[in-house]
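Dear colleague,

Please find below the structure that I am handing over to you.

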Amino acid sequence: MALDWITVILLIGIGLLLIVVELIFVPGTTIVGILGFILTAIGIWMGYAALGTTIGHIILAATILIGGFTFFYSFRSNSWARFALKEQHRSRVNEEQQHALEVGTVGKTVSALRPQGTALFAEHHHEVQTQGEFVPSNMTVRIIKLFQNKIIVEQVS
C-alpha cells in the first residue's frame, strides 16, 4: 500500500514538473509536455486502480489544485523572469556598411563559404554567400551582386 502511494505521488509530481518545464523552458508542444501529461494521467489512474474510487477522487482533486496553484504561482511571482529574453536585437547582417561596398570589390574569405560565410573587404568583416559553390577560407573573392543586405561573391581564379 505504501509503495502504491509513493508510485502515485512520484508519477504525478514528475508529470507536473515536466509540464511546467514544457511551459517555461521548452515552448511548443514537444515530447516533454506530452510525457508530463501522460505521467500525470497514469499517476491519477493508478490512484483509482490501486487505492479505490474515493482516494482516486481525492488524488484527482489534489492534482488539479496543486497543478493550478503551481502554474499560477510560477507565472504570478515572476520567478521565471531571469530566464526570459529581455532584449531584442533589431539590426540586420551587413546593415551598417552596406553602402561602402561596390560590385567588383575584391576581398579575402575569413571562413569557408559553404555557400555562406565571412569575408574581409576593406578591413571590415561581412557576411557573404556564393551562388552555391564552396570556397575555402583565405581565398580571394569578388563581389558580383549587391541587393538589400546580401552580398553575393565568386572566387577569383
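The notes that follow cover the basis of the model, the chain as a whole, the helices and the strands.

This is a predicted model, in which local features need pLDDT of at least 70 and side-chain atom pairs count only at pLDDT 80 or more, while totals for chains, interfaces and linings use all residues. Residues are numbered from 1 along each chain as its sequence is written, and side-chain values use heavy atoms, with hydrogens and water left out.

The protein chain contains 3 helices and 5 strands (DSSP runs numbered from the N terminus: H or I of at least four residues for helices, E of at least two for strands). Their order from the N terminus is α-α-α-β-β-β-β-β. Of the 157 residues, 27% are buried (under 20% relative accessible area, with a 1.4 Å probe and protein chains only). The chain exposes about 10,800 Å², of which carbon and sulfur atoms supply 64% (Shrake-Rupley method, 1.4 Å probe). Among contacts (heavy atoms within 4.5 Å) between residues at least 6 apart in sequence, 47% join residues at least 24 apart.

Turning to the helices, α1 has 23 residues, and its first and last C-alpha atoms lie 33 Å apart, close to the 33 Å expected at 1.5 Å a residue (the expected span being 1.5 Å times one less than the number of residues). Buried residues of α1 include Val8, Leu11, Ile12, Gly15 and Leu16, and their cover includes α2 and α3. Helix α3 (residues 53-76) has 24 residues and should therefore span 34 Å at 1.5 Å a residue, which agrees with the 34 Å between its end C-alpha atoms. In α3, the buried residues are Gly56, Ile59, Thr63, Gly67 and Ser74; α1 (2-24) and α2 (31-51) are among the elements that cover them.

As for the strands, β1 (residues 106-109) pairs with β4 (residues 140-147) in the antiparallel sense over 3 bridges (pairing requires at least two DSSP bridges between two strands). Within this pair, Val106 has Arg142 as its bridge partner. Strand β1 also runs antiparallel to β2 (residues 116-121), joined by 2 bridges, with Lys108 partnered by Leu120. These two strands, β1 and β2, form a hairpin with 6 residues between them.

Strand β4 is joined to β5 (residues 150-155) by 6 antiparallel bridges, and Lys145 stands opposite Ile152. The β4 and β5 hairpin has 2 residues between its strands, and Gln148 in the turn has a positive phi of about 50°.

Yours sincerely

Note on methods. Buried < 20%, exposed > 50% of the residue type's maximum accessible area, 1.4 Å probe, protein only.
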